[in-house]
Every structure is written in structure tokens, then in C-alpha cells.
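Subject: Structure handover

Dear colleague,

Here is the structure I said I would pass on. My notes follow it, with the cut-offs given where each term comes up.

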Amino acid sequence: MPTVHLAYGRHGLRLTLPDNGVTVIEPRYVPGLPDEAAAIQEALRAPIGSPPLADLVRPADTVAVVFSDITRPMPNDRVLPVLLEELARAGVPDDHIVLINALATHRPQTEAELRRMLGDGIVDRYRILQHNAWDESELVPVATNRAGRTVRVNQAYMEASVRILTGFIEPHFFAGFSGGPKAVLPGIADMDAILDNHGPAMIAHPQATWAVTEGNPIWEEARDVARATTPTFILNVALNRDRRVTAVFAGEMEAAHQVGVAFVREHAMQPVPGLFDIVITSNSGYPLDLNLYQAVKGMSAAAQIVRPGGDIIVVAECWDGIPDHGEYKRLLWEAASPEDLLARILAPGFRCQDSWEAQIQAQIQRRARVHVYADGLTDEDLRRAHVLPCRSVEETVAHLRREKPGATIAVLPDGPQTVPYVAPVAEGHFTAETQSAQR
């Protein structure tokens, strides 16, 4: 019987699956760069669509560097030291630099978490701010969004004379791709702007899906707001399943991000010949599978290729629970069913933090049953979240195959790092059949 290793927590999960009818779908493997620091330094000195970073700063400048929070596998501890050294080389004093944690609506990190994310040297040496989307005293207006509302972003970022966005580029289930402008919206934007950008109508838009940027209202609004903040420079990376940097994209925000998206699209997009009865997926392991909220991304990746009426099995450690912070848990707990949950969210005037994750989960559950394997959640937790508890993936698969003899199985070992689609299809677009998976 074939053995498959799924990304799960820090150490992975090994499955033994049936001999027949199993298709494993992975992103095209790209080895890590032999010298990450040298590659990052080269990108800073020979950027895309921009002069070298050192030519854009002066010793008198103040610099804001936006970095990804703990819910992202961005190797901040390996990327930021190279960036900060380049700023020091240009003569910028340490006390002219502020590092801003792009939390969006996520919880602040503890000091221990920041030290793991950034390294002791950075935490001890630089000023670090954790963005607060609710604190009006820390926000300033920068643009008007599609809803006609004023968008506000982090004041410390806007007050800096040099603004640098960092992050990593991966497929995203409703913004198309991460990285680039997402460091601003939602990363350091105000709560109302995030609610508008992730609102029910935006999430339900047919182009708000994997690997689509142009024509995707969520991504386009993020781009427009980020433009309005006039970022000086971006530093984005691509990663492989080992969390090694495979490519570096630095320079002017739109030009560098576009090159990065093309690189990631080429390796992440994987064609399949048809839909499957059962799709097993991870949520890309630690730190991406920290809670059920984040695990909706894995569900969504699987939903692209599951047959209507089929089954999705998600493995996500969920050491952070449902979680208890935010509104996602309350939305799930208060709804009687996925259908009731979706009806509440789509009701006129509804507006709530984290509704986007709940909405996508409910949309997926219109198409397929969802089973969740999670050491960090009890069976009761999972049932109240309207998913089916799974304590053994092999036993669940055996049970489903008794229900559906000859059922076909797809496995996404790296979860949402892979964007599966039914071929033939134009690059960057899904067929109507797979597009409907999220609607």
C-alpha cells in the first residue's frame, strides 16, 4: 500500500492508503537557494523596477518595515536580518527603524513568539509595533475604497519617510495570491476597511478565488489601497515545502509582485483530469495549521477538485484551537448548520469580523462533507464547528470507500501550497465546474 506524508504540525503525518484509485497532487518541487542571504542581498541591490534599496534611503530617513505575523510561514528570522543590514550599510541608524507586525485582525504575538519569529537579535535591537486595527489613535486616512468608505492604515508606517513591505507569495483562496499589497490591506489597515474588503459580497464574487488577481475585487482593492500609501520598496520571497527560500522578488511593489506571482503560479498550479470522490488535504503544516480558522484554506484547496456530494478530509494540528479569539468560533457556535451559517452571513446588513472564513467554509459544505483530523480539538469542538470528527484518516477513507465502492481519492500533501484545477484550462483561470466549488 502506498504511503503519503502530509504536512501536519511540525513533524508531519504519515498515511497508508489503498493501492488503487489514489492520485497525489503536489506543487512542482523547487530546491531551496544554496545561499539565501546572498540571494536576498543581490535582490536588494539589483531589484525589479526600482533603484537599489541603498540608493532610496539616506541616514536621516525614518524607515518602517512591515512583516508577516505568526500565521504565515514567512522566514522573518532569515530575511529581515539581510534587509536590516542593507539599511545599516546605507547609514540608517537602528533608532530610525520601526518593524510593524502586520496582524490585520489576528491576535498580537507574545514576546516569546516574536523572538521565535524574528530572532533575539532583532527583538533586542529594534523598535517593534504590533498593528491594532481597532485603535483609531494609531491610524491615519489614506484612500477611499469601493464601498465609499475612508481606509485608514498604521500611522507609524505612514509617518516613515521610507516604507518597506515584506512577505511571501503563495496562492490565496480569495485574494488570488498573498504577498505584495496584502501587507497593507489587510495587514496594517483599519477594521472597517478589512470588513469591507472581506465582506460577503466580495467573498462571493466569482473572481475572488485561487490564483486570480486581475478582475478579483479583493486583490484589486488591496492593490489600490497599497498604491495610495506609496510604498518605497517590497521584499517578497517564494518558499518550498521545506520552508526554504526558492526565489526573491524585491523592488517596486507591483512590478516585483507580478514577477513573483508568475513564478509561484508556474509551480503551484497543478492540472488534474477530473473531479474526485474523496480529497485528502493538509493545511501546509506549522504554522499554517495552527487553528481551524486557518484550516479553511486547506478545505478550499480540496474543494476545487472534489465531486459534488463528495468528501473532504482535512488534517490540521489546531494547537491554537478554533480559536477562542476573533468571531469565527462564535459564528460557528451560534449557527444551527452550515446552511444557517451562510444565511446569517448573507443577510442584508450583516457585518462581522471573521465572517469571510465562516462564509467560505459554509460554501464548501454546500458541495461536500468535511471531515477534520486535529489533535488540538475534541470531537465536540469539531461537531459544534459543523465538521465531522476524524481520528484516523485511514479508517475514515475505508468507511467512505465502503459507502462508495471504487471511490477515487486525491491527496494534497502540502494543502493550499498546491492549486489543483481540472484540465484543460487557461493558465490562471478555473473551469466553471471547479469555480463553483467555493460558491
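Helix α14 (residues 355–365) is mostly covered, with 11 of its 11 residues buried. Buried means under 20% relative accessible area, exposed over 50%, and partly exposed in between, with a 1.4 Å probe and protein chains only. Among the buried residues of α14 are Trp356, Glu357, Ile360 and Ile364. Helices (H or I, at least four residues) and strands (E, at least two) are DSSP runs, numbered from the N terminus.

This is a predicted model, in which local features need pLDDT of at least 70 and side-chain atom pairs count only at pLDDT 80 or more, while totals for chains, interfaces and linings use all residues. Residues are numbered from 1 along each chain as its sequence is written, and side-chain values use heavy atoms, with hydrogens and water left out.

Overall figures

The protein chain holds 17 helices and 20 strands. Its radius of gyration is 21 Å, which agrees with the value near 22 Å that a compact globule of 439 residues would have. That radius is taken over C-alpha atoms, and the globule rule is 2.2 Å times the number of residues to the power 0.38. Along the principal axes, the C-alpha atoms fill a box of roughly 70 × 50 × 40 Å. Of the 439 residues, 61% are buried. The accessible surface comes to about 16000 Å², and carbon and sulfur atoms account for 51% of that surface. Accessible areas come from the Shrake-Rupley method with a 1.4 Å probe; for residues, only the protein chains shown count as cover. Contact means heavy atoms within 4.5 Å. Among contacts between residues at least 6 apart in sequence, 75% join residues at least 24 apart.

The mixed sheet

An open sheet of 6 strands has the order β6-β5-β4-β9-β12-β13, and its pairing is mixed. Two strands pair if DSSP finds at least two bridges between them. The edges are β6 (127–130) and β13 (245–251), each of which pairs on one side only. From one strand to the next, the twist averages 20°. Strands β4 (residues 63–68) and β5 (residues 97–102) run parallel and are joined by 6 bridges; Phe67 stands opposite Asn101 in β5.

Helix α10 (residues 253–268) lies across β9, β12 and β13, at about 160° to β13. Axes are lines fitted to C-alpha atoms, for helices over the stretch in contact, and angles run from 0 to 180 degrees between N-to-C directions.

Tyr126 sits in the loop between α5 (120–125) and β6. It counts as buried because its relative accessibility is 8%. Leaving out residues up to four places away in sequence, Tyr126 touches Leu84, Asp94, Ile97 and Leu99. Tyr126 and His96 are 30 residues apart in sequence, with 9.0 Å between their C-alpha atoms. The side chain of Tyr126 also makes a polar contact with the side chain of Arg125 (3.3 Å). A polar contact is a pair of N or O atoms within 3.5 Å; within protein, one must be able to donate a hydrogen and the other to accept it, and residues adjacent in sequence count only if both atoms are side-chain atoms.

The parallel sheet

Another open sheet of 6 strands has the order β3-β19-β15-β16-β17-β18, with parallel pairing. Its edge strands are β3 (22–24) and β18 (388–389), each pairing on one side only. Strands β15 (residues 276–282) and β19 (residues 409–412) are joined by 4 bridges, and Ile278 has Ile409 as its bridge partner in β19. Helix α11 (residues 292–303) packs on the sheet and touches β15, β16 (306–315), β17 (368–373) and β19, with its direction at about 140° to that of β16. Helix α16 (residues 393–403) also packs there, touching β15, β16, β17 and β19 at about 165° to β16.

Ser282 lies in strand β15 and is buried, with a relative accessible area of 0%. Its side chain reaches the backbone nitrogen of Ser284 at 3.0 Å, and the backbone oxygen of Pro413 lies 2.9 Å from a polar atom of the Ser282 side chain. Beyond four places in sequence, the contacts of Ser282 include Leu6, Gly298, Val315 and Asp414.

The hairpin

The hairpin has 5 residues between the strands, and Gly148 takes a positive phi near 80°. In β8 (residues 150–154), 4 of the 5 residues are buried.

Regards
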